[in-house]
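These are my notes from a first look through the structure. I took it one item at a time.

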Amino acid sequence: TTKKEDGKLSVWYGTVKPATHFDAEVDAAALRKAMKGIGTDEAAIINIVSNRSNAQRQDIRLKFKLLYGRDLMADLHSELGGHLRTLVLALMEPKAIYDAQCLRNAMKGIGTNENVLIEILCTRTNQVGIYWNNKINSTFLCAILYTENQRYSGCIQNSIPW
């Protein structure tokens, strides 16, 4: 999506825009406070996670680890439950990792969720494919692509943009 602001062209994807006046240290401290002690301040967690871009959430994860020596994902997993846990953990993953996990889950076991495969493989750019090849690399992506090639032919196989 593109939008013109103050004569400048801004580009972002999705509906969550980068927060202005962002400070990863402040957000990491707020998340730690929301999870420390008895009970969890779910509203504080939702407010931070839902109002930061993916890149900002990755900065928060790193700052949380540096400040507290703890894994933010593990803390969120232990403090939250149900669909909220699933949503927050998904939002905290880097986009390419989340896509790879969705692809893996779509092809795992008997049957395949073709809607997920089509959504991810056909809507990502070549740059995303190059990123997957360079960063995620290794067995995880190779297993996904090998499995996909073994199960499909024709239009789905030919739709992979890289």
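**Entry 1: α4 and α5.** At what angle do the axes of α4 and helix α5 (residues 82-92) cross? I looked this up first, in what is a predicted model. The crossing angle is roughly 170°, and the axes come within 9 Å. Angles over 145 degrees count as roughly antiparallel, so α4 and α5 are roughly antiparallel to each other. I then listed the residues that make the contact. From α4 I noted Leu-72, Met-73, Leu-76 and His-77. From α5 I noted Arg-85, Val-88, Leu-89 and Met-92. By class, the contact of α4 with α5 has six nonpolar residues, one polar and one charged.

**Entry 2: α3 and α4.** Next I turned to helix α3 (residues 54-68) and its crossing with helix α4 (residues 72-79). Their axes come within 9 Å and cross at roughly 95°. Angles of 65 to 115 degrees count as roughly perpendicular, so that is how α3 and α4 lie to each other. On the α3 side I found Ile-60, Arg-61 and Phe-64. They meet Leu-72, Met-73 and Asp-75 in α4. I sorted this contact too: four residues are nonpolar, two are charged and none is polar. Leu-72 and Met-73 of α4 also take part in the contact with α5.

**Entry 3: an aromatic pair.** How many aromatic pairs are counted? I got one. The rings are those of Phe-64 and Tyr-68, with centres 5.2 Å apart. Their planes stand at 55°, so the pair is tilted. Both residues sit in helix α3, four residues apart, which means about one helical turn separates them. Tyr-68 is partly exposed, at 32%.

**Entry 4: Arg-32.** Which residues is Arg-32 in contact with, leaving aside its neighbours within four places in sequence? I wrote down Phe-64, Tyr-68, Arg-70 and Asp-75. Phe-64 and Asp-75 were already in my notes, from the meeting of α3 with α4. Arg-32 has a relative accessible area of 18%. The cut-off for buried is under 20%, so Arg-32 counts as buried.

**Entry 5: His-21.** I checked the backbone as well. Most residues other than glycine have a negative phi. His-21 is not a glycine, but its phi is positive, at about 55°. Where is His-21 found? I placed it in the loop between β2 (8-11) and α1 (24-35). His-21 is exposed, with a relative accessible area of 81%.

**Entry 6: the whole chain.** Last, I stepped back. The chain has ten helices and two strands. Of the 162 residues, 29% are buried. Residues 24 or more positions apart account for 61% of them.

**Entry 7: confidence.** The mean pLDDT of the chain is 80. I noted that 69% of the residues reach 70 or more. Which element has the lowest mean pLDDT? That is helix α10 (residues 155-158), at 51.

Terms used:
Residues are numbered from 1 along each chain as its sequence is written. This is a predicted model: local features need pLDDT of at least 70, side-chain atom pairs count only at pLDDT 80 or more; totals for chains, interfaces and linings use all residues. Side-chain values use heavy atoms; hydrogens and water are left out. Axes are lines fitted to C-alpha atoms, for helices over the stretch in contact, and angles run from 0 to 180 degrees between N-to-C directions. Angles under 35 degrees count as roughly parallel, over 145 as roughly antiparallel, 65 to 115 as roughly perpendicular and the rest as oblique. Contact means heavy atoms within 4.5 Å. Ala, Val, Leu, Ile, Met, Phe, Trp, Tyr, Cys and Pro count as nonpolar, Asp, Glu, Lys and Arg as charged, and the others, Gly among them, as polar. Buried means under 20% relative accessible area, exposed over 50%, partly exposed in between (1.4 Å probe, protein chains only). pLDDT is the predictor's confidence in each residue, from 0 to 100. Rings of Phe, Tyr and Trp (its six-membered ring) pair if their centres lie within 6.5 Å; planes under 30 degrees apart count as stacked, over 60 as edge-to-face and the rest as tilted.
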